[in-house]
Amino acid sequence: KLRKITYSAPLYLEIGVGNKEYTLVEIGKIPIMVKSKYCNLNGLSPEELIRNYEDPNDPGGYFIINGNERILVMIEDLAQNQAFIENTAKGLALRLFSSRGAYRIPITINQNPEGLILVSFSRFKNLPAVLLAKALGLTKDAELASLINKESDALIVNLYEFASIQDTETALMTIAEKMAIQGTKKEILDRVKARLDSTFLSHIGTKPENRKEKAITLCKLIKQFLIAK
């Protein structure tokens with residue numbers, strides 16, 4: 001610690017070429033956990049530890065890297081870009097962490113008491129899933145039903161609710177109205193498109209040409225949710 005170096009041990013590998021004899025080669029160093037069975041302090045009595053200027057009450061279990069004490073912390077986390085179904089206080093929900101580079105955006109799919117399947121991500125909260133799919137380019141109800149491919153009353157309710165929306169522009173303007181996005185029509189459309197491109201399933205892509213694939217993926221997620229329901 002005083003010399004600001006790493007407490008480590010050499011790591012060796014037996015290397016041989018062809019029929020030649022193997023040679024022991026040092027390929028690097030590996031940090032040693034203090035008080036582990038490979039540590040120089042292992043098995044020493046309290047008196048011996050004191051003679052070696054070590055605290056006999058030090059439990060060990062850490063590493064010394066460049067003179068600093070470091071520990072390993074176990075963290076349990078959800079896998080990225082993978083859908084999970086779970087029971088929450090508000091009922092069944094599908095969760096997915098869409099990761100692209102340093103950005104990690106949680107996406108949640110659930111169902112309200114009226115039967116509408118809702119999607120929440122970034123600044124978009126409780127956005128109807130069918131409306132979102134239509135905004136991404138899947139405007140035909142028959143195509144949506146075919147991709148979701150799960151017959152249920154919930155699907156019929158959701159398709160019927162937005163049956164009047166038959167084009168992408170109307171779907172985008174409806175989303176803008178729900179999100180209270182202001183500006184001229186062109187500004188509103190550009191803002192909604194930009195936000196959907198950058199924040200919804202960004203691991204698939206962030207360009208306009210990725211919207212159709214995002215819509216198809218959304219249909220797959222809805223199918224998983226309906227199967228779980």
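This note goes through a sheet, a helix residue and a group of aromatic rings in a predicted model.

1. Basis. The model is predicted, so local features need pLDDT of at least 70 and side-chain atom pairs count only at pLDDT 80 or more, while totals for chains, interfaces and linings use all residues. Residues are numbered from 1 along each chain as its sequence is written, and side-chain values use heavy atoms, with hydrogens and water left out.

2. The sheet. Five strands form an open sheet in the order β5-β6-β7-β8-β9, with antiparallel pairing. Strands (E, at least two residues) and helices (H or I, at least four) are DSSP runs, numbered from the N terminus. Two strands pair if DSSP finds at least two bridges between them. At the edges are β5 (84-88) and β9 (124-128), each pairing on one side only. On average, neighbouring strands of this sheet are turned by 25 degrees against each other, direction ignored.

3. β5 and β6 (residues 91-100) run antiparallel and are joined by five bridges. Threonine 88 stands opposite glycine 91 in β6.

4. The helix across the sheet. Helix α6 (residues 185-199) lies across β7 (103-111), β8 (117-121) and β9, at about 100 degrees to β9. Axes are lines fitted to C-alpha atoms, for helices over the stretch in contact, and angles run from 0 to 180 degrees between N-to-C directions.

5. Threonine 174. This residue is found in helix α5 (residues 168-179). Leaving aside residues up to four places away in sequence, threonine 174 touches Leu131 and Ile165; contact means heavy atoms within 4.5 Å. A polar atom of the threonine 174 side chain lies 2.7 Å from the backbone oxygen of threonine 170.

6. The aromatic rings. Rings of Phe, Tyr and Trp (its six-membered ring) pair if their centres lie within 6.5 Å; planes under 30 degrees apart count as stacked, over 60 as edge-to-face and the rest as tilted. Two aromatic pairs are counted by this rule. Phenylalanine 121 and phenylalanine 124 are stacked, 5.0 Å centre to centre with 25 degrees between the planes. The ring centres of phenylalanine 121 and phenylalanine 200 are 4.8 Å apart and the planes are at 45 degrees, so this pair is tilted. Because phenylalanine 121 lies in strand β8 and phenylalanine 200 in the loop between α6 and α7 (211-228), the pair ties together parts that are 79 residues apart in sequence.

7. The cluster. Phe121, Phe124 and Phe200 form one aromatic cluster. Phenylalanine 121 and phenylalanine 124 are buried, as is phenylalanine 200; buried means under 20% relative accessible area, exposed over 50%, partly exposed in between (1.4 Å probe, protein chains only).

Definitions and conventions. Polar contact = N/O pair within 3.5 Å; in protein donor to acceptor, adjacent residues only side chain to side chain.
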